[in-house]
Amino acid sequence: IICDECHYLKNGKAQRTKTLLPLIKAADRAILLTGTPALSRPIEVFWQLHALDPEQWPEYGEFLQRYCAGEKASFSNTQKKLSETVCERQSSLSSEASTPKYAAASNLEELHTLLRATLMLRRNKKTILTRLPAKRRIRREISIDDEALAEQLRQDLAQFRRCASELSTISSKAAKKNRNNNDDEWRPPVCKKRKSCHGMSPEKKALLFE
């Protein structure tokens, strides 16, 4: 079975997921294809992993506790009002719209290591489509007659670059601190998972993304 755009299997209650999971589990060979396995949060990748290897990824609740910080993200007042409006207009989706989502994330480096060591393969155009010509980047300058507007745009661009630089620095420091704090904690489960998956070949079942 080849399942394209497999990131749509992020909701275990969806009819699409309920239909495809038994087929993928029963197949001798299965490849899930997607450009982005998880669009915004770790919980979105669970059902893909469960479909490919239900023995190693059996428990939804365990995944939530380990990789989603074991907690639900709270809705703001605005989001609650929006959810109530959606529920009124689409009663069939009321439970899905009003249920808080597991938007938190934890032990991401551990999860990444596990996936790369077992099921997940990454392929990109550079290594697969070798005959493609190199990208051409052309810079085109657009003149702005309104000087006040031009100055405002320059200021906005400078502020964006400062914020991007600060965000990159904060992210790097946080990642380094997280690695130092959790290194001893996540290595044992990673080693155990890798050992238990030692006999599994990605040629049979794999999550492939670009």
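Me: Which residues touch the most other members of the largest nonpolar core?

Reply: In this predicted model, the largest nonpolar core has 25 residues, and Ile24, Leu32, Leu49, Leu52, Trp57, Phe63 and Leu207 touch the most other members. Such a core is a set of buried Ala, Val, Leu, Ile, Met, Phe, Trp, Tyr and Cys residues joined through side-chain atoms within 4.5 Å. Helix H2 (46-52) is one of the elements that each supply at least two residues; the largest share, 5 residues, comes from H2. Helices (H or I, at least four residues) and strands (E, at least two) are DSSP runs, numbered from the N terminus. Residues are numbered from 1 along each chain as its sequence is written. Local features need pLDDT of at least 70, side-chain atom pairs count only at pLDDT 80 or more, totals for chains, interfaces and linings use all residues, and side-chain values use heavy atoms, without hydrogens and water.

Me: Why is Glu44 called buried?

Reply: Buried means under 20% relative accessible area, exposed over 50%, partly exposed in between (1.4 Å probe, protein chains only). Glu44 has a relative accessible area of 8%, and therefore counts as buried.

Me: What makes the pair of Phe46 and Trp47 edge-to-face?

Reply: Rings of Phe, Tyr and Trp (its six-membered ring) pair if their centres lie within 6.5 Å; planes under 30 degrees apart count as stacked, over 60 as edge-to-face and the rest as tilted. Phe46 and Trp47 are 4.9 Å apart centre to centre, with 80° between the planes, and form an edge-to-face pair.

Me: Why does Trp57 count as buried?

Reply: Trp57 counts as buried because its relative accessibility is 5%.
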